[in-house]
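Got your viewer open and ready to click around? Here's a short tour that tells you what to select at each stop.

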Amino acid sequence: MPKLFNEPIMRTFPSGPRGGGVLAGVLLALALSQGAMAGPAKKPADARPDYTAAQAATAQPEGLPASVRIAGDDTRAFQALIDGAPRAADPWLVLSGGGENGAFAAGLLAGWSERGDRPEFGVVTGVSTGALIAPFAFAAPTLGEKADAALRENYTEISAADVFEFGGTPDSLTDTWPLKERIGRAVTPALLKAVAAEHAKGRRLLIATTQVDSERPVLWDMGAIAQRNAETGDPRALALFRSIVLASTAVPGVFPPVAIPAEVKDGAKAKPFAELHDDGGAMAPFYLAPAAALEGEARLRLPTNRVYLVVNNRLEPEFQMASRTTLSVLGRTMSAAIKAQTRAVLALTKGYAARTGLDLRIALIDGRFAKTSEKPFDQPYMKALFAHGEALARDGSAFAPAHPPATAKGPDLGPDLNRRAVTESTGSVAASR
């Protein structure tokens with residue numbers, strides 16, 4: 001999510017694995033700032049057709065099988081999905097949200113390719129800006145250098161004008177028609193063909209969105225959608241692929257939600273309606289598994305024994321004075337909330353890894369990168385961050401283990417210095433197989 005108001009705000013909207021209070025408060029504040037609470041609203045002429053919760057539970061994307069997606073909080077469905085992927089035992093790549101900070105993951109992947117030991121990930125998941133990166137990371141074995149070149153262009157050669165414009169829509173502060181057009185140029189039939197080819201190898205590409213009406217995460221099997229387009233030329237599959245990528249980046253209230261055509265069987269007829277989807281980061285900053293599994297409330301067995309997690313954000317507090325405006329104060333508060341949410345979900349993920357013996361390796365934007373950005377999608381900042389991620393991956397210091405081994409050798413420095421030694425040692429772990 002960009003810094004739309006000269007503040008590091010709202011890269012993803014947190015609700016936490018179980019909560020929704022912060023997000024609800026943010027949306028209320030945005031509504032108040034636009035005068036949306038002035039009086040009872042009339043139903044607009046272009047209102048969406050009504051549908052029920054029961055119909056939502058059995059709906060499928062228009063013209064496509066229901067199997068191209070699952071509820072992202074359904075542990076059994078997720079287990080079945082990954083159990084049906086022959087290559088899911090290979091290392092996984094999990095890409096977080098982060099707006100322009102996606103330049104970090106883009107550069108990291110490029111540097112990893114240059115290093116020569118980047119795995120063919122069995123599963124790739126993406127949320128928000130991670131959803132923009134994930135298709136190219138997934139299709140890289142087929143696309144070759146073109147995949148990294150596309151990411152370099154997308155994260156070093158753009159500006160805010162390529163993403164959004166102020167002026168707003170009935171349901172957002174800005175309009176993302178520039179990003180929609182850019183996705184249309186990047187997500188081509190050739191890209192879908194490459195994604196389909198990798199899907200046929202038993203690998204899986206998964207992107208998360210939030211279904212606004214049901215308040216639930218949706219996990220899309222993008223390879224299955226691409227396969228439909230590659231095999232039949234169905235334009236609805238290409239349109240759906242593009243819409244999912246756009247929706248996963250749609251920060252609620254700031255970027256408009258995306259209407260995805262759906263249908264539900266009503267006897268012999270199909271009832272059409274439109275679902276609204278927005279930022280997958282509204283549920284969690286990244287997607288590894290359903291929240292219940294991470295929290296230990298449901299059992300889940302991952303086929304892989306190694307996951308590479310890229311967090312496109314900083315976790316430490318950053319000082320910046322807020323002005324006495326609604327958006328500035330909201331932006332600073334949301335920046336703090338997002339970091340708190342990311343730390344919380346990261347702790348749950350580490351706990352899950354410890355319980356299950358998963359080798360979790362984490363790359364994030366830490367103190368080794370000191371530059372800051374003063375405006376949305378600042379090119380010099382993004383180029384520097386891309387180069388930073390590229391350099392870390394090239395020299396093998398991008399990833400650190402979630403649970404580094406204790407310093408068994410060397411002198412006893414005392415508890416505080418021992419903890420510091422372990423923390424500093426995690427910055428030099430090779431990003432290899």
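How do the residues of the lining of the largest cavity divide into nonpolar, polar and charged? Keep that in mind while you find the place; this is a predicted model, so you're exploring a computed picture.

**Stop one: the cavity**

Start by selecting T129, L132, Y155, L179 and T249, which lie nearest the centre of the largest cavity. The space in there comes to about 290 Å³, and 23 residues line it. Now for the answer: 16 of the lining residues are nonpolar, five are polar and two are charged. The count of cavities of 30 Å³ or more comes to two.

**Stop two: the helices around it**

Which helix gives the most? That's α5, with five residues.

**Stop three: a pair of crossing helices**

Now select residues 189-200, helix α8, and residues 222-232, helix α9. Two packed helices are described by the angle between their axes and the distance between the axes. Here the axes come within 8 Å and cross at roughly 115 degrees, and α8 passes α9 in a left-handed crossing.

To see the contact itself, show side chains on the α8 side for P189, L192, K193, V195, A196, H199 and A200. On the α9 side, pick M222, G223, A224, A226, Q227, N229 and A230.

Notes: Residues numbered from 1 in each chain as written. Predicted model: local features only at pLDDT ≥ 70, side-chain atom pairs only at ≥ 80, totals over all residues. Heavy atoms only, no water. Axes fitted to C-alpha atoms, helices over the stretch in contact; angles between N-to-C directions. Helix = DSSP H or I, 4+ residues; strand = E, 2+ residues; numbered from the N terminus. Left-handed = near helix turned anticlockwise from the far one by under 90°. Contact = heavy atoms within 4.5 Å. 1 Å grid on protein atoms, 1.4 Å probe; cavity = no way out; pocket = protein on both sides within 12 Å on 5 of 7 lines; lining within 4 Å. Points joined across faces, edges and corners; volume = space filled by probe spheres on them. Nonpolar A, V, L, I, M, F, W, Y, C, P; charged D, E, K, R; others polar.
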